[in-house]
Each structure stands twice: as structure tokens, then as C-alpha cells.
Amino acid sequence: MITELFDLSGKVALITGGTHGIGMAIAKTLGAAGAKIVVNDISDEKLASCKIEYKEAGLDVYTLKFDVTSEEEVDTGITEIEKNVGPVDILVNNAGIIKRIPILEMAVSDYKQVIDIDLVAPLIIAKRVAPGMIKRRSGKIINMCSMMSVYGRNSVSAYASAKGGLKLLTANMTCEWAKYNVQINGIGPGYIATAQTAPIREGNHPFNDLVMTRTPAGRWGEPEDVGNAALFLASKASDFVNGHVLYVDGGILANFGYVKGENDL
Ligand code: NAP
Ligand code: GCO
């Protein structure tokens, strides 16, 4: 049956930063496909409140607090997951931050914090779970990249540096681990309506016009759009897809832009 391709029954999926936003959408989608869901965050409050939302979606999730940048906390967290839920079959490195600061105004410490969370943390967690995947000759790793893995723009230098690096870290994980039947891919969302983009989306922010003009689909993406792509990369349907970044962007990367007008030139 074609649906068996997307059946995640019996699989354990860890989604970092899964208490809201894109991470929650991914977790809900993978849970609906049968996976046992584990979400992490650094906020006790968000870990507690998300359980209610997941329950309303018919999902019992295992929640775990750890800072994805801490090797010690990651090791302790994964050990707890392996003991209480099972070995991690699907890792979604979703947790991430952005700081919108022009380069000359940005403290190097700000740059390093974004790199630590958005680029080094996916490495830390993948290094902890990949050995088990390699031993079992089965695993899926999904790194949350961005259209900023290939584009820059004013004020997001740290973020684009991290997401660009994550695109190539995904490629290098593939070079070393694909031979063990581990598939490592990225997802590159375009502009998605979440808390992270609220500052440049809400209150008639002019950035809205830019997103509408540059996105051929003519809308902001929804977290569920990304969740659907994650289901493909977490399932048997993508067993020969490796080192790839799947852009979920409404066509923005395909579009140089156009002049608004009668002929949309
Ligand atoms: P979001 O609403 O800001 O959620 C980010 C999540 O990461 C939050 O749950 C946050 O926890 C968690 N997190 C941050 N630092 C952490 C740490 N040190 N340890 C553990 N968890 C941590 O962002 P989003 O829009 O859902 O985006 C999710 C991912 O998609 C990010 O990697 C982002 O870069 C990427 N992305 C987003 C867009 C977009 O348009 N929204 C586009 C492309 C890529 P707290 O809330 O407790 O801080
Ligand atoms: C920004 C946005 C973007 C999105 C996303 C686009 O300030 O330009 O936050 O960076 O988060 O990464 O794909």
C-alpha cells in the first residue's frame, strides 16, 4: 500500500525546539503518521503548555528540557530518551534562533550565539544519535536549514552563516553516514508565519510587501507546509534522497522578482 511508505509506526522521533512553531507542526505530522514523539525545549513553561496542545491533537508527547548547545545536557537527554522511549530513529534538528543586527553593530558574542545554536548544536546532537543509527543500519536526520542557506540579506549575517554552514554540514554527514542506510537531509523553509518572523510580518511591516512580491505563491508559508515536507524526509519514501535540502518556500528561490503592475513585468 502506498500509505505504508509514510507509516512511521514504531519509530521514535526527536524534534528539538518542538514546543511551538515549525517544530510543533513537524512533531504533529510525524505523530499523526505513527511515530512516538519526543520534543525538547529550554523553557519549562513551554514544555508544560505544549503537552496540552499535543493532547488536543491526540498525541502523547515525551517532553525533555535540555540546551541543545550543551554536549553534557544533550548526552543526558538522549540517554533518558533511549531508556524511557527508545533509540532515536528520526532526528529533526529544528531548534534555532535569529538575531537581526547589522554586522557593524553586532557583537561577536551575538554572532557566536547564533552559530552555536543554529549550526554547532545540530552537530552535537547528530554526533550523539548517529552511532546508534549506524549500528542499526537505519536512521533519518533532518537539519532545519533555510532559504538563507543560499541567500543573504541585511542584518541576518549570523543566521545566514549558520544556515549556510548547516547546508554543507548536511552534505558532509551524508558523505560519511549514507553508506550505513542513514539518510541526512535539510529542509529550507522560505518565509513561514511563526513567532520567529512575527517582528517582520505583523503590524503592516513593510517586509510583508517584499515577501508577497518575491514569493510566487503570494503568501507566507504555514508551519504545516514544513511539517508535510518533514514527513517525506522522515519516511521510507525518501530512502534514496540524501544530502539534499528540500526548499519549502512558495517558489521564492526560483524567482528573481518582478515589477508590480498591469502586466506583472
Ligand atoms: P521559533 O518559533 O523561534 O522556535 C524556535 C524553537 O527553538 C523554540 O522552541 C525555542 O525554544 C527553541 N530553542 C532556541 N534555542 C534553543 C536551545 N538552546 N535549546 C533548545 N531549544 C532552543 O522558530 P520557528 O520559526 O518555529 O523556526 C524553527 C526552525 O526553522 C529554526 O531553526 C528556524 O531558523 C528555521 N526557519 C524558520 C523560518 C521561518 O520563516 N519561521 C524559515 C526558515 C527556517 P524557546 O521558545 O523556549 O526559546
Ligand atoms: C528574516 C527571516 C528569515 C526567515 C527564514 C527565511 O529575518 O529574513 O527571519 O531569516 O526566518 O530563514 O527562510
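The largest cavity of this predicted model is lined by Thr16, Val68, Asn93, Asn94, Ala95, Ile117, Ala121, Pro122 and Ile125. A cavity here is a set of points, on a 1 Å grid over the protein atoms alone, where a 1.4 Å probe fits but cannot get out, and lining residues have an atom within 4 Å of a point. Rolling a probe the size of a water molecule over the atoms shows where empty space is left. Beyond the cavity, we will look at a pocket and two ligands.

**How the model was read**
- Local features need pLDDT of at least 70 and side-chain atom pairs count only at pLDDT 80 or more, while totals for chains, interfaces and linings use all residues; side-chain values use heavy atoms, leaving out hydrogens and water.
- Residues are numbered from 1 along each chain as its sequence is written, with chains lettered from A and ligands numbered from 1 in the order in which they are written.

**The cavity**
- The structure holds 1 cavity of 30 Å³ or more, and the volume of the largest cavity is about 30 Å³; a volume is the space filled by probe spheres set on the points, which are joined across faces, edges and corners.
- Helix 4 gives the most to this lining, with 4 residues; helices (H or I, at least four residues) and strands (E, at least two) are DSSP runs, numbered from the N terminus.
- The cavity lining divides into 6 nonpolar, 3 polar and no charged residues, where Ala, Val, Leu, Ile, Met, Phe, Trp, Tyr, Cys and Pro count as nonpolar, Asp, Glu, Lys and Arg as charged, and the others, Gly among them, as polar.

**The largest pocket**
- About 880 Å³ of space lies in the largest pocket; a pocket is an open set of points with protein on both sides within 12 Å along at least five of seven lines.
- Its lining has 40 residues, and nearest the centre lie Asn94, Ala95, Gly96, Ile97 and Gln196.
- Helix 1 gives the most to the pocket lining, with 3 residues.
- By class, the pocket lining has 19 nonpolar, 15 polar and 6 charged residues.

**Ligand 1**
- Ligand 1 is surrounded by 31 residues, with Asp41, Lys46, Asn94, Tyr159 and Thr194 the closest; a residue is near a molecule if one of its heavy atoms lies within 4 Å of it.
- The side chain of tyrosine 159 has an N or O atom 2.7 Å from an oxygen atom of ligand 1, a polar contact being a pair of N or O atoms within 3.5 Å.
- For histidine 20, a side-chain N or O atom is 3.2 Å from an oxygen atom of ligand 1, while valine 68 places a backbone N or O atom 3.2 Å from a nitrogen atom of the ligand.
- The protein covers 92% of the 900 Å² of accessible area that ligand 1 has on its own (Shrake-Rupley method, 1.4 Å probe).
- Helix 1 (21-32), strand 2 (36-41) and helix 5 (157-177) each supply at least two residues of this shell.

**Ligand 2**
- Around ligand 2 there are 14 residues, the closest being Arg100, Ser146, Arg153, Pro189 and Gln196.
- Oxygen atoms of ligand 2 lie 2.8 Å from a polar side-chain atom of serine 146 and 2.7 Å from a backbone N or O atom of proline 189.
- The protein covers 97% of the 330 Å² of accessible area that ligand 2 has on its own.

Methods: Polar contact = N/O pair within 3.5 Å; in protein donor to acceptor, adjacent residues only side chain to side chain.
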